[in-house]
Amino acid sequence: MKIALLRRYVVLAETLHFPRAAESLGIPLASLYTSLDKLEEEVGHALINREGTPRLTHVGELFLVEAQAAVAAAPPPAPKNVAPAGGKAKASKGKGRAPIVKGQPKPYKKRQGR
């Protein structure tokens with residue numbers, strides 16, 4: 001069982017509000033639903049009753065105690081590497097214009113067709 005799934009479950013079980021839990025975790029709401037589905041599949045029982053106001057099932061309450069203990073014993077999550085802000089994106093410029101040679105057609109002009 002992944003510790004990230006347990007962390008998400010603990011936050012969700014404490015708030016009992018999907019959008020607030022997703023916001024506090026800094027993940028999309030769909031990702032939180034997917035994580036909960038995976039966790040329920042591993043456990044084999046529904047952990048949260050999603051009908052109406054979300055609330056923990058009996059199995060969910062028992063599992064919350066175990067999940068909190070596992071999250072407390074685990075090392076803290078590694079900080080995410082954030083790319084430095086600022087700077088310009090540089091596009092490749094290619095070779096540019098070819099120099100004009102006397103007597104040759106201009107390389108950047110197309111011949112007019114008939």
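Here is a short chat about the aromatic pairs, a helix crossing and a loop residue in this predicted model.

Q: How many aromatic pairs does the structure hold?
A: There are 2 of them in this predicted model.

Q: Take Tyr-9 and Phe-63: how are their rings placed?
A: Their centres are 5.5 Å apart and the planes sit at 55°. Stacked needs planes under 30 degrees apart and edge-to-face needs over 60, so this pair counts as tilted.

Q: Where do Tyr-9 and Phe-63 lie?
A: Tyr-9 is in helix 1 (residues 3–15), while Phe-63 is in helix 4 (residues 58–73). The pair therefore ties together parts that are 54 residues apart in sequence.

Q: And is Tyr-9 buried or exposed?
A: Buried, because its relative accessible area is 2% and the cut-off is under 20%. Phe-63 is buried too, at 9% relative accessibility.

Q: OK, what about the rings of Phe-18 and Tyr-33?
A: Those ring centres are 4.6 Å apart, with the planes at 20°. That angle is under 30 degrees, so the pair is stacked.

Q: Which helices are Phe-18 and Tyr-33 in?
A: Phe-18 belongs to helix 2 (residues 18–25) and Tyr-33 to helix 3 (residues 29–43). Here the pair ties together parts that are 15 residues apart in sequence.

Q: Is Tyr-33 buried, exposed or partly exposed?
A: Tyr-33 is partly exposed, because its 31% relative accessibility falls between the 20% and 50% cut-offs. Phe-18, with a relative accessible area of 5%, is buried.

Q: Back to helix 1 and helix 4. How do their axes cross?
A: The axes come within 9 Å and cross at roughly 125°.

Q: Left-handed or right-handed?
A: The crossing of helix 1 and helix 4 is left-handed.

Q: Which residues make the contact?
A: From helix 1, they include Leu-6, Val-10 and Ala-13, along with Tyr-9. Helix 4 brings in Leu-64, Ala-67 and Val-71, among others, and Phe-63 is one of its contact residues as well. By class, the contact has 10 nonpolar, 2 polar and 3 charged residues.

Q: New topic: where is Thr-53 found?
A: Thr-53 is in the loop between strand 1 (48–49) and strand 2 (55–56). At 61% relative accessibility, Thr-53 counts as exposed, since the cut-off is over 50%.

Q: How far apart are Thr-53 and His-17?
A: In sequence, 36 residues; in space, 8.3 Å from C-alpha to C-alpha.

How values were computed:
Residues numbered from 1 in each chain as written. Predicted model: local features only at pLDDT ≥ 70, side-chain atom pairs only at ≥ 80, totals over all residues. Heavy atoms only, no water. Helix = DSSP H or I, 4+ residues; strand = E, 2+ residues; numbered from the N terminus. Buried < 20%, exposed > 50% of the residue type's maximum accessible area, 1.4 Å probe, protein only. Phe/Tyr/Trp six-rings, centres within 6.5 Å; stacked < 30°, edge-to-face > 60°. Axes fitted to C-alpha atoms, helices over the stretch in contact; angles between N-to-C directions. Left-handed = near helix turned anticlockwise from the far one by under 90°. Contact = heavy atoms within 4.5 Å. Nonpolar A, V, L, I, M, F, W, Y, C, P; charged D, E, K, R; others polar.
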